[in-house]
Amino acid sequence: MTEERIEPTVPADKANWAPHVERLAAGGVNVGGRRLNGPQQGFGPMWQKTYKVRIPGVAPERVISEWKANYGSFWPSHSRFNAPVAGIQPGEVGNIQSMQVLSTGIMVLYTDDTSFSFMTPEGHPFAGWITFSAYDDGGTVGQVQLIIRPSDPLWDLVFLFGFGKGEDMMWQHTLRSLAAHFDIRTEPETNLVKVDKKRLWRNARNITKNSAIGSAIHILGTPVRALRRPS
Amino acid sequence: MPQAQVAMTVRDGADDAKVIDIDGEITAFCEGVMMDAYTQADQPGTKAIVLNFGGLQYMNSGGIGLLVTMLIRAQRKGHRLAAYGLTEHYRQIFSLTRLDEAIGLYDDEAAAIAGS
């Protein structure tokens, strides 16, 4: 007897994914008009970075619901996340300001009850995906996992000279804050794997979209824009 | 950790290709199943590894992350990675995440093996 597969009319995960976009329509400096970049559109070595924290006694769904609602407040004070007005929903764009000077953003790629993911636009320090999840592993675990490459040769250098370490500290801080939100004081675990040591030289031209350069040009242009503004 | 809700079967395809038939859900929790399937497909003489997504029922972003990890392993071994059997919905996800620029998508197994 032949088994016939019946295709569901609407795929079970359809509402979880962002709709397809060629370029981001919304967003601030270094975001609007940019394409999204996965790890294979980046430049430097590819890393899988996993940070975990134990949050016993809290259901994974509740961890993710609180994480989505308070996302930016778990970040260190030197960086600011301007959440989308509609919240962390598939296809929404959030803006990021770091150290008062670097402007970039993310698009919400996927969400469900126990996870959500961001994808980075061209020019972001790294190209790839960040997934935030919670699951039961003999007690609830909150996790951040990045699959990324530094976006271009300049960001690759910056990562080599400490930005990568700073990024680890940022996600560790985020997980500490997440656990503290549930009155749990604990230290996160970190697991860094270099998945691919190769540099993708075909993507070296990404430097033309570098968000640090774009942010500097934007800041330098502020007086000119102010003069041009109708009084 | 939650159990993987997927079965992956490796079989011989034409022209020294190995085909991995995927039936179920691709999520971060199927890492062990996916890497076991890759290891079975990674035989001396294998030129291409073809993923048959005809039985794919659900995929989340963790699953997309596993596919890019498999892609890197395949590239390191000099294998071409191709896919077929994706519905329009999953083709759009491959396009959105730009995985389709690295993993060739085809309409059927013969085209995926031929790479055309």
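Asp15(B) is exposed, with a relative accessible area of 60%. Exposed means over 50% relative accessible area, buried means under 20%, and partly exposed lies in between (1.4 Å probe, protein chains only). Asp15(B) sits in the loop between β1 and β2 of chain B. Helices (H or I, at least four residues) and strands (E, at least two) are DSSP runs, numbered from the N terminus. This is a predicted model, in which local features need pLDDT of at least 70, side-chain atom pairs count only at pLDDT 80 or more, and totals for chains, interfaces and linings use all residues. Residues are numbered from 1 along each chain as its sequence is written, chains are lettered from A and ligands numbered from 1 in the order in which they are written, and side-chain values use heavy atoms, with hydrogens and water left out.

Stay with that loop. Asp15(B) has a positive phi of about 50°, although it is not a glycine. Asp16(B) lies in the loop between β1 and β2 of chain B. Asp16(B) also is not a glycine, and its phi is positive, about 55°. Most residues other than glycine have a negative phi. Asp16(B) counts as partly exposed, because its relative accessibility is 46%.

Now turn to where the chains meet. Chain B brings 31 residues into contact with 36 residues of chain A. Contact means heavy atoms within 4.5 Å. The area buried between the two chains is about 2700 Å², and carbon and sulfur atoms give 57% of it. Buried area is the accessible area (1.4 Å probe) that two parts lose on being put together, summed over both. Ser61(B), Leu96(B) and Arg98(B) supply 26% of the area that chain B buries against chain A, more than any other three residues.

What links the chains through charge? The count between chain B and chain A is one salt bridge. A salt bridge is a side-chain nitrogen of Lys or Arg within 4 Å of a carboxyl oxygen of Asp or Glu. Glu101(B) pairs here with Arg35(A), and their closest N and O atoms are 3.8 Å apart. On the side of chain B that touches chain A, β3 (48-59), α2 (61-76) and α3 (88-96) of chain B each supply at least two residues. α2(B) gives the most, with nine residues.

Phe53(B) touches Leu67(B) and Phe94(B), among others, not counting residues up to four places away in sequence.

Last, look at Ser79(A), in strand β3 (residues 79-82) of chain A. Ser79(A) counts as buried because its relative accessibility is 9%. Its side chain makes a polar contact with the side chain of His78(A) (2.9 Å). Leaving aside neighbours within four places in sequence, Ser79(A) is in contact with Gln97(A) and Ser98(A).

Terms used: Polar contact = N/O pair within 3.5 Å; in protein donor to acceptor, adjacent residues only side chain to side chain.
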